[in-house]
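Here is a short tour of one protein chain. Have a look at the sequence and the model first, and then read on.

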Amino acid sequence: MRETLVLNASFEPLATVTLRRAVVLVLQGKAVVEHAHPGLRIRATAVELPVPLVIRLCRYVRVPFRRQAPWSRRGVLVRDRNRCAYCGRRATTVDHLVPRSHGGADSWLNTVAACAEDNHRKADRTPEQAGMKLLSEPFVPTPADAMLLALGGGAAEAELPQWLSLSV
């Protein structure tokens, strides 16, 4: 499903939402389309609007400051660009460096994206115990990093959409 960037009334990025949620916000008059997909439109019996890539809220929403992006399985896969931390192939699961059965937590620094084969091969051991090396070390993304990774899929700046690369 396509993600849409939501800007506050002050044009600061807030979050990404599904295309469906973006359309609902626009139809309810809570947001306006700032940037649309060229050539694509959503049509219904009484409504026609462009497919939104960026929407802006009509009213300012006060957001509490967050020092760290919340951990999630999807977030780990996006952070690691859907690449296995052990072999570099397509990752479909999340692996705990210190297994949960050994006291490992669901945290940014204890989890990496992994393919099912490597996750199964490592099993209930640490990478050192399994004789497996990490291709890259896990890190804690900032909330802004997490949003940019989700929007760009971890793409390089040259590959980002024009409206996003202006803010990078």
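In what order do the elements of the chain run from the N terminus on? They follow the pattern β-β-α-β-β-α-β-β-α-α-α-α.

## How to read the model

This is a predicted model, in which local features need pLDDT of at least 70 and side-chain atom pairs count only at pLDDT 80 or more, while totals for chains, interfaces and linings use all residues. Residues are numbered from 1 along each chain as its sequence is written, and side-chain values use heavy atoms, with hydrogens and water left out.

## The chain as a whole

The chain has 6 helices and 6 strands. Helices (H or I, at least four residues) and strands (E, at least two) are DSSP runs, numbered from the N terminus. The chain has 168 residues, and 36% of them count as buried; buried means under 20% relative accessible area, exposed over 50% and partly exposed in between, with a 1.4 Å probe and protein chains only.

Contact means heavy atoms within 4.5 Å. Of the contacts between residues at least 6 apart in sequence, 56% join residues at least 24 apart.

Helix H1 spans residues 19-27, and its buried residues include Leu19, Ala22, Val23, Leu25 and Val26. They cover an arc of only 160° around the axis, which puts them on the same side of H1. The arc is that of the directions from the helix axis to the C-beta atoms.

What do the buried residues of H1 pack against? Their partners are strands E1 (3-7), E2 (13-18), E3 (31-43) and E4 (48-57). Just after H1, Gly29 takes a positive phi of about 80°.

## The E3-E4 hairpin

E3 and E4 form a hairpin with 4 residues between them. The two strands run antiparallel and are joined by 8 bridges; strands pair if DSSP finds at least two bridges between them. Ile42 stands opposite Leu49 in E4.

## Leu134 in its loop

Leu134 lies in the loop between helix H4 (127-130) and helix H5 (143-152). With a relative accessible area of 24%, Leu134 is partly exposed.

Which residues does Leu134 touch, leaving aside its neighbours within four places in sequence? Leu134 is in contact with Ala85, Tyr86, Leu97 and Val112. Leu134 and Cys87 are 47 residues apart in sequence, and their C-alpha atoms are 8.2 Å apart in space.
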